[in-house]
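Q: Could you walk me through how to read the features of a model like the one below? I would like the general idea first, then the case.

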Amino acid sequence: MTKHLVVVAGNLGTGKTALVEQVGECLNWHIVYESVIDNPYLADFYANMSTWAFHLQVYFLGHRAKQHLQAAAMRQSAIMDRSIYEDANVFARALHHLGHITERDYSSYLQVFDVVVRSLPPPDLLIYLKAPLRVLVQRIQMRGLEFDYRGITEEYLALIDSFYEEWIQVFDICPVLTIDTENSDYVNDTGCLEIIVGNILRMVAKEEAIR
């Protein structure tokens, strides 16, 4: 069987983790989770963004690059919960826009980001998950993690959402499969999951044929 690397992107609360788990289990692909529980900066960041924003982005850059390379080197196909590409084009951009990352730090970060990304093998497919802002807010409020998005406002989510929409319009590193998760219950609806899995397999097969 041909080996594939698929990355899943999307705003907070769009359902990325649930999707990678469902697809990974269905196809017997290796699942690469986003670093949350073991992230040494995340709780501090949500408590004080201006102090920890740059540190968090540098950590994510190194961590995601390592995950990407490891997943690409595996013999088994892999699906990743969030991509490295979102870090600079969405989150670091938003933090700079809000004044949490200085112009000097942002410029330095982008230089390193560009060098790192150019060294990575491209994924076969990026799955972009989206949902209305009201749905994202409801999902985040229901999670109840100890530090889950403290300080994250609806305005911040809206800003992130707008940057995602701008970024995905120009993203050209690999094909993109867009899924509106408001009405896509791939956790409880087997038929919905089968449709998504079928679309994934068709798109990676098409990309393989082109390459």
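Q: Where does Arg-82 lie?
A: This is a predicted model. In it, Arg-82 lies in the loop between E3 and H4. Its phi is positive, about 80°, although Arg-82 is not a glycine.

Q: Is Arg-82 buried or exposed?
A: Buried means under 20% relative accessible area. Arg-82 has 4%, so Arg-82 is buried.

Q: Which phi does Asn-28 have?
A: Asn-28 also needs a look at its backbone. Its phi is positive at about 60°, and Asn-28 is not a glycine. The residue sits in the loop between helix H1 (16–27) and E2.

Q: And is Asn-28 buried or exposed?
A: The cut-off for exposed is over 50%. Asn-28 reaches 59% relative accessibility, so Asn-28 counts as exposed.

Q: How do I read a helix such as H3? How many residues does it have, and what span does it reach?
A: Start with the general idea. An α-helix has 3.6 residues a turn, so residues three or four places apart point the same way. Now the case. Helix H3 covers residues 49–73, which is 25 residues. From first C-alpha to last, H3 reaches 34 Å, close to the 36 Å expected at 1.5 Å a residue.

Q: Which residues of H3 are buried?
A: The buried residues are Met-49, Ala-53, Leu-56, Gln-57, Tyr-59, Phe-60, Leu-61, Arg-64, Ala-65, Gln-67, His-68 and Ala-71.

Q: What covers the buried residues of H3?
A: Strands and helices both take part. The cover includes strands E1 (5–10), E2 (30–32) and E3 (78–81). It also includes helices H2 (42–47), H4 (85–97) and H5 (103–118).

Q: Take Gln-67 in helix H3. What is it in contact with?
A: Leave aside neighbours within four places in sequence. Gln-67 is then in contact with Val-32, Tyr-33 and Met-80. Its relative accessible area is 13%, so Gln-67 is buried.

Q: Which residues of helix H6 are buried, for another helix?
A: H6 spans residues 133–143, and its buried residues are Val-135, Leu-136, Val-137 and Ile-140. What covers them includes helix H7 (154–170).

Q: Where does Pro-132 lie?
A: Pro-132 lies in the loop between strand E4 (125–130) and H6. At 27% relative accessibility, Pro-132 counts as partly exposed. Beyond four places in sequence, Pro-132 touches Asp-180 and Glu-182. Now compare chain with space. Pro-132 and Ala-158 are 26 residues apart along the chain, and their C-alpha atoms are separated by 9.6 Å.

Q: Now a strand. Where is Ala-9 found, and is it buried or exposed?
A: Ala-9 is found in strand E1. Its relative accessibility is 0%, so Ala-9 counts as buried.

Q: Which residues is Ala-9 in contact with?
A: Sequence neighbours within four places are left out. The contacts are Lys-16, Ser-83, Glu-86, Leu-126, Ile-127, Tyr-128, Leu-129 and Trp-167. Ala-9 and Val-170 are 161 residues apart along the chain, with 14 Å between their C-alpha atoms.

Q: How many aromatic pairs does a search of the whole structure find?
A: First, the general idea. A pair of aromatic rings is described by the distance of the centres and the angle of the planes. The search finds 10 aromatic pairs. One is formed by Tyr-41 and Trp-52: the pair is tilted, 5.9 Å centre to centre, with 40° between the planes. This pair links distant parts of the chain, with Tyr-41 in the loop between E2 and H2 and Trp-52 in helix H3, 11 residues apart.

Q: How accessible are Tyr-41 and Trp-52?
A: Tyr-41 counts as partly exposed at 24% relative accessibility. Trp-52 counts as partly exposed at 26%.

Q: Which residues do ring pairs link into a cluster?
A: The cluster holds Tyr-85, Phe-91, Tyr-128, Tyr-164, Trp-167 and Phe-171.

Q: Last, pockets. How much space lies in the second largest pocket?
A: Rolling a probe the size of a water molecule over the atoms shows where empty space is left. The second largest pocket holds about 160 Å³ of space. It is lined by 13 residues, and the closest to its centre are Arg-139, Thr-181, Ser-184, Tyr-186 and Val-187. The lining divides into 3 nonpolar, 6 polar and 4 charged residues.

How values were computed. Residues are numbered from 1 along each chain as its sequence is written. This is a predicted model: local features need pLDDT of at least 70, side-chain atom pairs count only at pLDDT 80 or more; totals for chains, interfaces and linings use all residues. Side-chain values use heavy atoms; hydrogens and water are left out. Helices (H or I, at least four residues) and strands (E, at least two) are DSSP runs, numbered from the N terminus. The expected span of a helix is 1.5 Å times one less than its number of residues. Buried means under 20% relative accessible area, exposed over 50%, partly exposed in between (1.4 Å probe, protein chains only). Contact means heavy atoms within 4.5 Å. On a 1 Å grid over the protein atoms alone, a cavity is a set of points where a 1.4 Å probe fits but cannot get out, and a pocket is an open set with protein on both sides within 12 Å along at least five of seven lines; lining residues have an atom within 4 Å of a point. Grid points are joined across faces, edges and corners, and a volume is the space filled by probe spheres set on the points. Ala, Val, Leu, Ile, Met, Phe, Trp, Tyr, Cys and Pro count as nonpolar, Asp, Glu, Lys and Arg as charged, and the others, Gly among them, as polar. Rings of Phe, Tyr and Trp (its six-membered ring) pair if their centres lie within 6.5 Å; planes under 30 degrees apart count as stacked, over 60 as edge-to-face and the rest as tilted.
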